[in-house]
Amino acid sequence: MDETRLEEKLAFAFVEGWNITPTGNGFLLTSDWRWPNEEHIEIHVRAVGEREDLYLVSDGGDLFNFLFSHGIDLTRDSMALSRINDVVEMYESKFVDFQIARGANEEELARSVRLVLEAIKDASLILWHRFEAGKNLH
């Protein structure tokens, strides 16, 4: 097998099991990646306004809701919020209005989906131990 064939197989394997659902102005991607509680992670892709060449990729606020449902209120926990911001910025995204978000043009869209997905997974795992084991972030 050569590197081109391996690359093709990897590309297929990484999205096998994903579901892409068209929405009014974009897509809802249900990945085979999972939250620490085993639910599938979803990524929202929305066109910006009437433009068909600019997109907003986000978690739709799912990280905030996931953490809140397990007792971590990012509106009141500045340490947890700081950790989330650090992780999200590491993946070239922002935590805006309690959503992980990243802008993308058509060429950057696939990479942006991957970066937001990685930010969601890392941020959720960093805080998972806090409500699973009752540990502090310090």
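Reader: Hi! Before we start, what counts as a helix or a strand here?
Author: Hello! Both are DSSP runs numbered from the N terminus: helices are H or I with at least four residues, and strands are E with at least two. This is a predicted model, where local features need pLDDT of at least 70, side-chain atom pairs count only at pLDDT 80 or more, and totals for chains, interfaces and linings use all residues. Residues are numbered from 1 along each chain as its sequence is written, and side-chain values use heavy atoms, with hydrogens and water left out.

Reader: How much of it is buried?
Author: Of the 138 residues, 38% are buried, meaning under 20% relative accessible area with a 1.4 Å probe and protein chains only; exposed is over 50%, and partly exposed lies in between.

Reader: Switching topic, where is Val15?
Author: Valine 15 sits in helix α1, which covers residues 3–15.

Reader: Is that valine buried, partly exposed or exposed, and why?
Author: Valine 15 is partly exposed, because its relative accessible area is 45%.

Reader: Last one: how many charged side chains, positive and negative?
Author: The protein has 14 positive and 26 negative side chains, with the centres of the two sets 5 Å apart. Lys and Arg count as positive, Asp and Glu as negative, while His and the chain ends are not counted; each charge is placed at NZ of Lys, CZ of Arg, CG of Asp or CD of Glu.
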